[in-house]
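Visitor: Hi! Could you walk me through this one, starting with how you sort residues by exposure?

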Amino acid sequence: IFKKALGSVAILAAATLVSTSVTAKPLVSAAWIQYVASHENLVLLDVRSQKAFRAGHIAGSVRTSYPGKWRSLEEGRGTVMPTATEFARLADSLGITPRSHVAIIAETRAPGGAATAAEIYFTLRHFGHRYVSIVDGGIAALKANPALTLETGPSVPTPTTGYYTNRNELLQANLEQVFTAVGYAQMLDARTTEQYLGLRKASYVERAGSIPGSRNLPYKWLLS
């Protein structure tokens, strides 16, 4: 029975990976990675530090830095999305095609690692990439799976060309939409409580405080 169950998981995982009719699940397990690790459409995207990556990573994974080219810093606005052209170049440099299933690997023992994974996930979805997931438990869960091979040292991706974007404008609000929504829509502020209350602010933010009517839900509260 156990072998049959494992076989069913493998078939389901492969079918999910190659399907072109559905969007990938936001979270995938280390067991799922085990069964699709050799699939040509899988891109294991490791978002940890270079030092941590070189010390040990899942075989075949490629590393990317954040914010790196995933964000740019604008005075008075903080970090902003890349343009569609910039994102396409980034995807090409990492070997990501529109058919790739990108599985994001983070150091989820630290809250910042989970936040980075979520930022990259959102960016990929914003530019229309349908097949992207975050590995639940991150690198710790993958290293705990003896069936997965670990490597050390650098990893060089195989670049591709011609990535095309299909931006989903519904996933991001611009400043005009935010101003219009004040007092009508419920806004959630995911920063720390200190930043929300105006006791602290990031170096690139001009004024401390929060948007009137917004409620504070620090992202760290959503992690375990």
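Guide: Happy to. Buried means under 20% relative accessible area, exposed means over 50%, and partly exposed is in between. Glu119, at 32% relative accessibility, therefore counts as partly exposed. Keep in mind that this is a predicted model.

Visitor: Got it. What does Glu119 pair with in a salt bridge?

Guide: Its partner is Arg71, and the closest N and O atoms of the two are 2.8 Å apart. Glu119 sits in helix α5 while Arg71 is in the loop between β4 (62-63) and β5 (72-74), so the pair ties together parts that are 48 residues apart in sequence.

Visitor: And Arg71, buried or exposed?

Guide: Arg71 is buried, because its relative accessible area is 10%.

Visitor: How many salt bridges are there?

Guide: The count comes to 4 salt bridges. Among them is the one between Glu169 and Arg167, with closest N and O atoms 3.5 Å apart. Glu169 is exposed at 54% relative accessibility, and Arg167 is partly exposed at 30%.

Visitor: Now Asp92. Where does it lie, and what is the nearest side chain of opposite charge?

Guide: Asp92 lies in helix α4. It is buried yet has no salt bridge, and the nearest side chain of opposite charge is Arg89, 7.6 Å away. For a salt bridge, the side-chain nitrogen has to be within 4 Å of a carboxyl oxygen.

Visitor: So which polar atom lies by the Asp92 side chain?

Guide: The backbone nitrogen of Gly162 lies 3.4 Å from a polar atom of that side chain. Setting aside neighbours within four places in sequence, Asp92 is in contact with Pro159, Thr160, Thr161, Gly162 and Tyr163.

Visitor: Which other residues in α4 are buried?

Guide: Along with Asp92, Phe87, Ala88, Leu90 and Ala91 are buried in α4. Just after α4, Gly95 takes a positive phi of about 80 degrees.

Visitor: Switching to the largest nonpolar core: which members touch the most others?

Guide: Out of its 23 residues, Trp70, Val102, Ile104 and Leu124 touch the most other members. At least two residues of this core come from each of β2 (42-46), α4 (84-93), β7 (101-105), α5 (111-126) and β8 (132-135). Apart from this core lies another, of 14 residues, including Leu44, Ala103, Val135 and Leu148.

Visitor: What does Val102 touch?

Guide: Not counting residues up to four places away, Val102 touches Val43, Leu45, Ile96, Leu124, His129, Tyr131, Val132 and Ser133.

Visitor: Where is Lys25, and what is it in contact with?

Guide: Lys25 is in the loop between α1 (2-18) and β1 (27-28). Leaving out neighbours within four places in sequence, Lys25 is in contact with Val132 and Ser133. Its C-alpha atom is 8.6 Å from that of Ile134, which is 109 residues away along the chain. Lys25 itself is exposed, at 58% relative accessibility.

Visitor: Last one: what are the overall numbers?

Guide: The chain has 8 helices and 11 strands, and buried residues make up 34% of its 224 residues. Its accessible surface comes to about 13,500 Å², with 56% belonging to carbon and sulfur atoms.

Technical notes
Residues numbered from 1 in each chain as written. Predicted model: local features only at pLDDT ≥ 70, side-chain atom pairs only at ≥ 80, totals over all residues. Heavy atoms only, no water. Helix = DSSP H or I, 4+ residues; strand = E, 2+ residues; numbered from the N terminus. Buried < 20%, exposed > 50% of the residue type's maximum accessible area, 1.4 Å probe, protein only. Contact = heavy atoms within 4.5 Å. Core = buried A, V, L, I, M, F, W, Y, C linked by side-chain atoms within 4.5 Å. Lys, Arg positive; Asp, Glu negative; His and termini not counted. Polar contact = N/O pair within 3.5 Å; in protein donor to acceptor, adjacent residues only side chain to side chain. Areas by Shrake-Rupley, 256 points an atom, 1.4 Å probe, with all protein chains shown as cover.
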